[in-house]
Each structure stands twice: as structure tokens, then as C-alpha cells.
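Biologist: Thanks for sitting down with me. Could you walk me through the charged pairs and the helix packing here?

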Amino acid sequence: MKKEYYVQPYEYNAFADAVISRHPDYDAWNANNYIQTFVTRRNNDQKDIYIDYYSGSVFGLIPLLKINDLSPSKSEDPLPVYDRLKQGIKEGIVYYAYLDHFYFPFSPEYQKNHDAHDVLVTSYDENGFSYVENIRGAYHEYSVDESRFKESFINCKDNCIFELEPDLNNHYAFDINAFRQMLSDYMNSREPADDSIYFYKNGFYSSNHFDNKKALTVGYGIEAYSWLADDIVKKVSQKQMVDYRIFYLLREHKHNMIGKIDYIKNHNYLKADSYDKLVEQFKNIEYRLNLMMCKVVKYDFQFAASVVDGIAEEMVRVAEDDKRACNDLLVSLS
């Protein structure tokens, strides 16, 4: 199991990515995905929006991921599922599961509120279980003794558990034409006309997760900058917290693009003399987004508008440079 997750801001992507990273075709998959992004509303009155990858996740649509939904109905005894989890962990399987923080002494919810958290359970031994959890956009690995884990799992009212493995019966080959299409869709803020190059609906597919998110979509690709800039201005004017994970994903997207440039260069899809310039362009954007993220984190502690003064305008400038860099990359593809 990888300790550092490549696709980080939202656990649905990161948890799936951690599992398929063991697949022999992972590098080809990664180079052909996590390119297009989309902005969605959290609810219908547009009070809050966020950005995510237009790609598969732990809820399916990734051909390299084998998913077995073991979630018991509320009328079923969860103990057999728990026993299967223990055995599966010993065999190298990992589990996406819900745990109730009501039963964990280290949690603020301990013995106060029932609060289900989604985690990736990674190991089990005589000392108990280890799992990874996303707390405010940062990943933490926890260890808990078996009695606490069992109590939290069995008594969690939100019954959800997926058995996850790399699907070694499915294979993936990098497609430069799909790469061009995805990059063009991102650069031109275009709603994808063909979902098939992004989503693979064979096997497990959660319509509740994907269809609900897509129904709330307000923008794609580069257009995300303007939507998010407007949202930040509104939040600051109302002295509300700004979700710094927005910038985490924007920054990571540039970091991922540099990795993709390395991949296509190493596989002879890129004109050799364009490599250094392209990497420098995306590194510059990544650096500027990182500065903005640091300012937003500081603002979230102080609620001082001066800390984030000018960020909306800088996002507009970064969007222009991002679009220019993506166009240069398209032109440089051989």
C-alpha cells in the first residue's frame, strides 16, 4: 500500500488510486486520467461549490479497480461482514468502510455524537487495525485496537463497506488521442461530449454518487477558476471559511500535469525541444497556486480579508496562463 497518495484532495479518488497503484497498467491509466475537472454545487441554492476530477473513484468507473459491495442492509447482522474484513485484510485486500467516531476516545465526537467517517482500512495484526482517513483535506493514518474498531464498525448506522483490489483481469493502454481530447476539453471549459473516454461503466457503478454530482455541475476545466474566484469573494465578504482543498486540487492538477508530460516524453509523444518550457510553465502555475493556498489557510484561522486580498484577480491571471500552457502542450504533441 502506498503511503503517499498521488490523487489527494478527495478520498474517493485517493483511496481508489492507492489500490490501483499496484496494477501493472497504473502508469498508463494515470497519464490518461485526472485531466478534466468539474465544479459542482454542494446544494441546489449554490451556497457552496467545490472542484473535483472528472474521473472514476472508489465508487466505480475505473477499469483497473475491482469492487465488491459487501454493505449489509440495516436488518442484517454485520458480524459476518466484519469477520470477512479481518480475513480479507490478512490476504492483502483493503476495504473502504464507514466507522463511527462516537466510539473512538481520540475523537471530539467520543460518547457525544454518532458521526460516520469513511476510511480506507489497510492492515490488521495482533495490535489491531490501521486505516487512512481524510481530515480537512489532509490524510492521516490511524491505528486502533480491535475492540474499538469492531465496536465502531458494527454499530455504525451508515452501513457501507467495499472490498477493493486491483482488477488484474482488466488492462489499460495509454491513448494519445484520448489525452488530446481530455486536454482540449479542459482547456476550452467544455462539457465532455463522450463520457466513454472518462468513465467505464462495466462492473460496479454508483448512480447515486456520479449522477447526483453531475446533476449539480456548473462548470468544467479552466472555467473552474472564475467560479471558484467568485465563491471566494462571496465567502470573504461574509467572513466565512474558504475551503482550502480547492487550491490543493488546483495545485495538484498542475503537479499531475508535469508527471503526464514526463510520461508522454518518455513514450515519444512529445517534441523533445518543448519539454523544458512546458515543465517550467506548469511549475510556475503550481507555485502560484501553492502561495494562494497558504494565504487561504491563514485566512481560515484569522478571517482577515487583507490576507487574501487580490486572490480573485490572481486566479484570473493564473487561468489565462494555465490555458496558454495547455495549448502549448497540445501543439507540442508529436
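Biologist: Let's start with Asp 321: does it count as buried, partly exposed or exposed?

Modeller: Bear in mind that this is a predicted model. Buried means under 20% relative accessible area and exposed means over 50%. Asp 321 has 24% relative accessibility, so it counts as partly exposed.

Biologist: Which residue does the side chain of Asp 321 meet in a salt bridge at 2.7 Å?

Modeller: Side chains of opposite charge can pair when their charged atoms come close. Here the N to O distance is 2.7 Å, and the partner of Asp 321 is Arg 288. Asp 321 lies in helix H10 and its partner in helix H9, so the pair ties together parts that are 33 residues apart in sequence.

Biologist: Which residues are linked with Arg 288 and Asp 321 in a network of salt bridges?

Modeller: The pair of Arg 288 and Asp 321 belongs to a network of salt bridges.

Biologist: Which residue pairs with Lys 213 in a salt bridge, and are the two buried or exposed?

Modeller: The side chain of Lys 213 meets that of Asp 52, at 2.6 Å from N to O. The pair links distant parts of the chain, with Lys 213 in helix H6 (residues 207-215) and Asp 52 in strand E2 (residues 49-53), 161 residues apart. As for accessibility, both Lys 213 and Asp 52 are buried.

Biologist: And Lys 277, which meets Asp 328 in a salt bridge: is Lys 277 buried or exposed?

Modeller: The N to O distance between Lys 277 and Asp 328 is 3.8 Å. The pair links helix H9 (residues 275-302) with helix H10 (residues 311-332), across 51 residues. Lys 277 has 54% relative accessibility, so it counts as exposed.

Biologist: Gln 281 lies in helix H9 as well. Which residues is it in contact with, leaving aside its neighbours within four places in sequence?

Modeller: At 17% relative accessibility, Gln 281 counts as buried. With its neighbours within four places in sequence set aside, Gln 281 is in contact with Arg 324, Ala 325 and Asp 328.

Biologist: On to packing: are H7 and H8 roughly parallel or antiparallel?

Modeller: The axes of helix H7 (residues 224-237) and helix H8 (residues 245-266) come within 12 Å and cross at roughly 155°. Angles over 145 degrees count as roughly antiparallel. The crossing is left-handed, and H7 and H8 are therefore roughly antiparallel.

Biologist: What residues does H7 bring to its contact with H8?

Modeller: On the H8 side the contact is made by Ile 246, Phe 247, Leu 250 and Lys 254. The residues of the contact divide into six nonpolar, no polar and one charged. From H7 come Tyr 225, Leu 228 and Ile 232.

How values were computed
Residues numbered from 1 in each chain as written. Predicted model: local features only at pLDDT ≥ 70, side-chain atom pairs only at ≥ 80, totals over all residues. Heavy atoms only, no water. Salt bridge = Lys/Arg side-chain N within 4 Å of Asp/Glu carboxyl O. Helix = DSSP H or I, 4+ residues; strand = E, 2+ residues; numbered from the N terminus. Buried < 20%, exposed > 50% of the residue type's maximum accessible area, 1.4 Å probe, protein only. Axes fitted to C-alpha atoms, helices over the stretch in contact; angles between N-to-C directions. Parallel < 35°, antiparallel > 145°, perpendicular 65-115°, else oblique. Left-handed = near helix turned anticlockwise from the far one by under 90°. Contact = heavy atoms within 4.5 Å. Nonpolar A, V, L, I, M, F, W, Y, C, P; charged D, E, K, R; others polar.
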